[in-house]
Amino acid sequence: GGIDAHGVAPERLVMRAAGRAARAANFQRDVGKITYSGHDAEHALLPGTQDRVSWLLQLSGVVAAAPARFAAAPTQIALPVSGVRGDLAVWRFDVVGEQAIDISSGRVQAIKLRREAERAFDTRGEIWLDPQRHHLPVRFVLSTIGRNGEVVEALTLELESTR
């Protein structure tokens, strides 16, 4: 991908699961659409559309571009996000507010954002952005939420060091 007037501009996302064929989302900027390998779906490529990886950097950039706007709740950021299965949805992140969190390099005052899962087996995201590190994420937790609201699986990543 690259960068355009709307921020991060993905070109292609490829995902491979064990024992399965690779799937891809193709962001065709020249014709303004998203197409998918192995799937007939096609979507208009909206300004600022992200893939299932690039949204994290885009979110950091949106907050860094106007930090005063996102310093306190209630504020929301909406990003169109596409996966590789022909899906496109608007992911809405609510600013929860500033929180002191401990990471391996010490205590930081970070801005927490949260995306709620909208249906069973959707992704809930919790992201902490550090204003002292250009609003880059210092921790994020992605959870798959089951039919009864339970966490089916979760991934937590944390910044270890800036050195």
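In the predicted model, the side chains of E158 and R139 meet in a salt bridge, with N and O 2.9 Å apart, a salt bridge being defined as a side-chain nitrogen of Lys or Arg within 4 Å of a carboxyl oxygen of Asp or Glu. This pair links distant parts of the chain, since E158 belongs to strand β13 (residues 151-158) and R139 to strand β12 (residues 136-145), the two residues being 19 residues apart; helices (H or I, at least four residues) and strands (E, at least two) are DSSP runs numbered from the N terminus. E158 is partly exposed, at a relative accessible area of 35%, whereas R139, at 17%, counts as buried, where buried denotes under 20% relative accessible area, exposed over 50%, and partly exposed the range in between (1.4 Å probe, protein chains only). Salt bridges that share partners also join K112, R114, E116 and E126 into one network.

The structure holds 11 salt bridges, among them that of D102 with R107, in which the closest N and O atoms lie 2.8 Å apart. Here D102 is partly exposed, with a relative accessible area of 46%, and R107 is exposed, at 57%. A further salt bridge is formed between the side chains of R119 and D122, at an N to O distance of 3.5 Å; R119 is exposed, with a relative accessible area of 52%, while D122 is buried, at 5%.

The largest nonpolar core comprises 16 residues, such a core being a set of buried Ala, Val, Leu, Ile, Met, Phe, Trp, Tyr and Cys residues joined through side-chain atoms within 4.5 Å. The residues with the most contacts inside this core are W55, L59, I77, L79, F93, L113 and I127. At least two core residues are supplied by each of α1 (55-65), β8 (76-82), β9 (88-103), β10 (106-115) and β11 (122-130), and the largest share, 4 residues, comes from α1. When its neighbours within four places in sequence are left aside, W55 is in contact (heavy atoms within 4.5 Å) with Q50, L79, V81, W91, F93, I127 and L142.

Residues are numbered from 1 along each chain as its sequence is written, and side-chain values use heavy atoms, with hydrogens and water left out. As this is a predicted model, local features need pLDDT of at least 70 and side-chain atom pairs count only at pLDDT 80 or more, whereas totals for chains, interfaces and linings use all residues.
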